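Dear colleague,

I am handing over the structure we spoke about, and below it you will find my notes on what turned up in it. Please read them with the coordinates open beside you.

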Amino acid sequence: MTNKPRRSVLYVPATNAKALAKAGTLACDTVIVDLEDSVAPEAKAEARDALVAHFANAPASQKETVIRVNALETGWGAADLAAAASCHPDAVLLPKVETADQLRSARAMLDEAGASDASLWAMIETPLAIVNIKEICAVGSRSDIRLQCLVAGTNDLAKETVLAGSRARLTMVEWLAPAVIHAKAFLIDILDGVYNDFRDVDGFAAECREGAERGFDGKTLIHPSQIDVANEVFSPSQKAIENARAIVAAFDHPDNAGRGVISLEGKMVERLHLEMAQRLLVKAASV
Ligand SMILES: CC(C)(COP(=O)(O)OP(=O)(O)OC[C@H]1O[C@@H](n2cnc3c(N)ncnc32)[C@H](O)[C@@H]1OP(=O)(O)O)[C@@H](O)C(=O)NCCC(=O)NCCSC(=O)C[C@H](O)C(=O)O
Ligand SMILES: [Mg+2]
């Protein structure tokens, strides 16, 4: 887990030069340049060339940049990883991760290619990934692997599990709950999946709020119109910030020195709440 805000994480197909140029100007926290599902099989080589050209020419930016490669098991994965390594992104996102060995292999290839500064991210989007989530997180959180973020792949998970109908989102979050729990246990960030109906602003906002309540650190996005809502929902609210400041101030008061529990506005507040308040203020300062 880092203090980096990852409220709004926008996918951009590597083949879409116009969108790539635009992405650098947008208010999203992170951009994922995609070589995988948004690129047709016959355009994979062209996408790789476009990726390298983009990184060579893009103006320097403070925005976190991630490259999603094709799985190493495909015919494109190794060449994608080599191209990604040459771009020196902040992270490489591996799709369809199902075992810890896939993380070890990708880490070794990146290190060998001189990209040991890039961290790993992993898509969780198949039933086997959920089954193996503990091992994926345990190995991934080691300092020699540096798995920083899990990303829910809700389209692939729906395809694999044939989720459909009015309760599909509810069932989806039940499927994803083990990933959220293990991400928290191993201090790895976790991002919610995409909302395909990008014209449905209310539905998107509702899904963001639900994801935040369930413990996701941010939302993956497919369209610029989704950025502002995600930034707002995944930022600490003004009310939460004021409450956190009041807790910190109360514990700083000389009358409360050495006390483990105090009363604040009619509520019991313990030192664990102080830690939570401090963490929230750090997060608020980072966005
Ligand atoms: C979904 C889209 C194909 C829609 O594209 P389009 O019809 O061109 O949208 P608009 O005309 O409304 O675009 C308005 C302007 O915004 C720019 N734009 C659009 N999308 C992006 C973007 N993602 N990043 C940056 N800029 C973007 C357009 O260029 C227009 O600009 P301008 O003309 O200057 O006003 C398209 O949005 C799109 O391709 N989105 C990303 C799709 C993608 O990457 N999919 C893969 C990731 S999803 C996934 O695979 C998740 C996971 O694996 C799973 O299993 O769930
Ligand atoms: Mg997917």
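**The barrel**

Eight strands close into a barrel, in the order 1-2-3-4-5-6-7-8 and with parallel pairing. From one strand to the next, the twist averages 25°, an angle taken between N-to-C directions on a scale from 0 to 180 degrees, with axes that are lines fitted to C-alpha atoms. Please bear in mind that this is a predicted model, in which local features need pLDDT of at least 70 and side-chain atom pairs count only at pLDDT 80 or more, whereas totals for chains, interfaces and linings use all residues. Residues are numbered from 1 along each chain as its sequence is written, while chains are lettered from A and ligands numbered from 1 in the order in which they are written.

Strand 1 (residues 8-13) runs parallel to strand 8 (residues 218-221), and three bridges join them; Val-9 stands opposite Thr-220 in strand 8. Strands here are DSSP runs of E with at least two residues, helices are runs of H or I with at least four, and both are numbered from the N terminus; two strands pair if DSSP finds at least two bridges between them.

**The annotated site**

An unreviewed UniProt entry places the feature "binding site" at Glu-125 and Asp-156. These positions span 32 residues in sequence, yet no two of their C-alpha atoms are more than 5.5 Å apart, so they gather at one spot. Such annotations may be inferred rather than shown by experiment; feature names are shortened, and the positions follow the numbering used here.

Glu-125 sits in the loop between strand 5 (119-124) and helix 5 (127-131) and is buried, with 25 other C-beta atoms within 10 Å. Asp-156, in helix 7 (residues 154-161), is partly exposed, with 18 other C-beta atoms within 10 Å. (Buried means 20 or more such atoms, exposed 12 or fewer, and partly exposed in between, with C-beta atoms placed from the backbone.)

**The ligand**

Around ligand 1 there are 22 residues, of which the closest are Tyr-11, Ala-19, Gly-153, Asn-155 and Asp-156; strand 1, helix 1 (17-23) and helix 7 are the elements that give two or more residues to this shell. A residue counts as near if its C-beta atom, placed from the backbone, lies within 6 Å of the molecule.

Four bridges join strand 9 (residues 261-264) to the antiparallel strand 10 (residues 267-270), and Val-261 stands opposite Glu-270.
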